[in-house]
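Keep the viewer open as you read.

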Amino acid sequence: MTPAPLLAARGIVKRFPGVVAVDHLDLTINQGEVMALLGANGAGKSTFIQILAGVHAHGTYEGEILLEGRPFRPTSVAQAQALGVALVAQEVNVVPELSVAENMFLNSEPTRFGFIDVPGRLAEARRILAEFDVGVDAAARMGTLDLATQQLVSIARALSKKARLLILDEPTAALTDNEVQRLFERMRALRARGVTCIFVSHRLAEVFTIADRIVVMRDGRAAGEYPARADTRDDVVRAMLGTTIAAEHRGDAPAARGDAALEVRDLYARDPDQRRRPPVSGVSLSVGKGEILGLFGLLGAGCNELAQAIFGAWPGAVEGRVLVDGCEVKIASPAAAIGYGIGLVAQDRRESLVHEHTIAENIVLACLATVTRRKFLDVPKMRRLATDFMQRLAIRAPGIDTPVGTLSGGNQQKVQVARWLATGARILLLVDPTRGIDVGARHEINQLWKTLSQEGCALLLVSSEAEELVDVCHRVTVLRNGSAVGDLTGADITEERLLRLAAGV
Amino acid sequence: MLGLGKLRLFGRDAFRDSTLLVVVAAIWIFFQFTTDGTFLTQRNLVLLALQTSIVSLAAVSAVMLIVTRNFDLSVGSAVALVGVVVAVLTVNLNMNPVLAVVIALGVGVVMGAWQGLWVTRMGVSSFIVTLAGMLYFRGVSMIATSGSTIAPLPDALADMATGFLDPAPSIALIVVSIAALAAFQWLGARRAQQLGLLGNNLAPHLARRMVPFVVGGIAFGWLASRQGIPYLVILVAAAATAAEIVMRRTPFGLQLYAIGGNPEAARLSGIRVNRVIFIDFLIAGLAYGVTGVALTARVGGAVAGSAGLFLELDAISAAIIGGTSLTGGRGRVFGALVGALLMGSLNNGMSLMNVPTFYQETARGVVLLFAVAADQYRRTRKPSARKST
């Protein structure tokens, strides 16, 4: 039986400055199916579904989309909704100050005589929630509900617009297992009613539970299409990885591992609002002197949160033990972490570097106390220090007085590293340090990690790119849903193993 | 402030509103004792209402902007400029007052549109756009009048702000307003009943809703029985009612809340954020016109240098004290009126006590700080309290 296509996309190309996000994508969605859309970060999934939902207006991309055989060219979210395509965004997008009913009918309020029909809206909202079996008071304030319920309300809202195609972008990222099961029950009920659904997820196990069909995207194209059956799992994983499946561990042999420089035991990082499960729940790991430990996990696995928690920068409560050089320490703030010789190289360089300031000023920012004489800044000493680091890390710039904002991404990242080395840090937490950096510079940065480890630094490298970890790390710990699920060493570190562990298949 | 209670269409913020009312009541009782009974006389309360009216008008539009995370620092200067327009047209050019007022309102809307364009088209933050407006609107007013006062306004215009509706029609107006409100409540309740949201017996529901309005109506009736209601107070009540209906009962109003509460959610709901904000500035412009005419008429002439000075700060303070959130998404017109009344009561009471102006300013500053801090404290504690129940 060949199901009728509900939607067909032909030759979709969407360019952003400097990058082709979707590259001649052809895709068909059948009537009444749950289609999972998979792909690594940057594969173009989000851009594509945003095109379908009208976030990127018709005309800003090339190609043609047909909805039930007719051209589908939405220029706005409202228009896409009117045509029956609704997106439930990854971040739960609600107005917490408004009631559930007000949120559900935002921008589509029922009116009588030009004014909002308040009782009518409430009644309609209750009817829809009941039909969808969400046990929520429609008059309650949205902000008082937990995340999963908000998510369900958002879905109910999308359906209330007579959606024929419902797009769920990572709907489970913030949910607990129970909440995920609740969501899936509803999705099955919808499928039974003939609603077509695109389900975008990183979590392979979930995809195989709920989807009928899987489409894998890579580099902006459809890289493969599979029925969701147990025997296709290997193919799906391979399609996500691309041709590099055979990549072997290319890192150097594990360094003679010294004593543990940083040890974390049973660490919990609680959600600041206490509204979802702890992003990090009970992780233990240790990084030796001269070791590069990789930390790998999919979106929402808790890698970034763990690094922030160790550095004292996590906004929520942190429980567990942290040991530096074998001594238990309490790290309540970044200042304390720096005091223990820990530095954090942040993913977002705009956040951690002062762009208008010069290289020298940025380098000494975290160690100002050491470049003073009688409480006043010792400018010559400061310049000496900056010049030394510029040479040591090969920061390419006209001089130490160059504003950091004018440097390339790779060199900015080196300035961050220099800042921590200047404080005498021996433990570096690297959070996706090569994100947005071109391939050549990336290689150089990765060499820098190796050099630093040979000098005895302990490095914890958080990366969303398995390939990078395979290249650089001596050991990799994989997190899933906030817990450590595996540890790979030396030649065992392969992209495939990392991804399987992280996705739970 | 006829029919203030009318604005409480929903019960959601009733608790907050009533705590604020308790604070106002406490301040009133305090002044009643310290002024030997002068404060709570019909004469003084009517004066208080008049003194509060200009800030109230400005506060209404301040709420509408602040809920979208926009600010208007130009209100005071814009109002002065509108005043200059009215005064020049009527005093220097002998124009018909009604025509002059219409032109002044138009000028206000144009000023609002001008600022709205800079915010929505050029993407300049409203804080900066209106800070600049605060400077050049005042500057233009001074240039146009060479800094001199333009007075006196024709009687017809001055009467609009200083005149009173006679006691008998005033009381009739109050009764009609309450009756109209009751009718709307009944219609709403009946529709809710038809939709199965309310039980068979509507009487207790309606009675509960109408009690505060009836109490308020009786109080206003007593105030009006001596001299009647000032036209200016009727204007404030009409403006506030219109604003409240727009905010709570039209899609446009809800879009304002949504944009302030979560701009991304608003955008993804298909709301054209810039368009809505532009219209919001048009409304603010209309408010310049109304407030400018009212202020000029009340003062009896245009004083470019001092008219409306610090009005923007008073308006924002009133809105904030009344529970409008600076981070957007939350705010009620009714609350802002009570906020304005609170600030006005402090001024009025301290003046009656012969407290020097400098001390009055200090006291107002402290009250603003405490009011916002208390609100913040209450709000940050609330979620945990809810969790434990």
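Predicted model: local features only at pLDDT ≥ 70, side-chain atom pairs only at ≥ 80, totals over all residues.

Leaving aside residues up to four places away in sequence, Leu460(A) touches Leu262(A), Val287(A), Leu293(A), Leu295(A), Ala307(A), Leu429(A) and Leu430(A).

Leu460(A) is also among the residues with the most contacts inside the largest nonpolar core, a group that includes Ile167(A), Leu459(A), Leu461(A), Leu498(A) and, from the other chain, Ala59(B). That core has 270 residues. Which element gives the largest share of this core? Helix H2 (residues 42-66) of chain B does, with 14 residues.

## Chain A as a whole

Chain A holds 17 helices and 24 strands. Along the principal axes, its C-alpha atoms fill a box of roughly 75 × 50 × 45 Å. The radius of gyration of chain A is 25 Å, which agrees with the value near 23 Å that a compact globule of 505 residues would have.

Of the 505 residues in chain A, 50% are buried. If you look at contacts in chain A with a separation of 6 or more, 71% are between residues 24 or more positions apart.

## Three domains in chain A

Chain A is divided into domain 1 (5-246), domain 2 (258-341 + 426-499) and domain 3 (350-424). Note that domain 2 is written as two segments, 258-341 and 426-499. The centres of domain 2 and domain 3 of chain A, taken over C-alpha atoms, are separated by 24 Å. Ten residues from domain 2 of chain A and ten residues from domain 3 of chain A take part in the contact between them.

On the domain 2 side of that contact, helix H15 (residues 439-454) of chain A gives the most, with four residues. By class, this side of domain 2 of chain A has seven nonpolar residues, two polar and one charged.

## A closer look at Ala422(A)

For a local view, turn to Ala422(A), which lies in helix H14 (residues 409-422) of chain A. Is Ala422(A) buried or exposed? With 21 other C-beta atoms within 10 Å, Ala422(A) is buried, because 20 or more is the cut-off for a buried residue.

The neighbours of Ala422(A), not counting residues up to four places away in sequence, are Ile363(A), Val364(A), Ala366(A), Cys367(A), Leu385(A) and Phe389(A).

## Chain B as a whole

Chain B has 15 helices and two strands. Its radius of gyration is 21 Å, close to the 21 Å that the globule rule gives for 389 residues, so chain B is as compact as a globular protein of that length. The C-alpha atoms of chain B fill a box of roughly 65 × 55 × 40 Å along the principal axes.

Buried residues account for 46% of the 389 residues in chain B. Among its contacts between residues at least 6 apart in sequence, 80% join residues at least 24 apart.

## Where the chains meet

## How confident is the model?

The model scores ipTM 0.72 and pTM 0.73. Chain A averages a pLDDT of 84, with 93% of the residues scoring at least 70. Over residues 244-249 of chain A the pLDDT is below 50, and this stretch has 16 contacts in the model beyond near neighbours in sequence.

The mean pLDDT of chain B is 87, and 92% of its residues reach 70 or more. Within chain B, confidence is highest in helix H4 (residues 97-120) of chain B, at 96, and lowest in helix H15 (residues 357-388) of chain B, at a mean of 71. Over residues 1-14 of chain B the pLDDT is below 50, with 41 contacts beyond near neighbours in sequence. In residues 382-389 of chain B the pLDDT stays under 50 too, and the model has one contact beyond four places in sequence for this stretch.

Technical notes:
Residues numbered from 1 in each chain as written. Chains lettered and ligands numbered in written order. Rg over C-alpha atoms; globule rule 2.2 N^0.38 Å. Buried ≥ 20, exposed ≤ 12 C-beta atoms within 10 Å, placed from the backbone. Contact = placed C-beta atoms within 7 Å. pLDDT = per-residue confidence, 0-100. Domains from an automatic or database assignment. Nonpolar A, V, L, I, M, F, W, Y, C, P; charged D, E, K, R; others polar. Core = buried A, V, L, I, M, F, W, Y, C linked by C-beta atoms within 7 Å.
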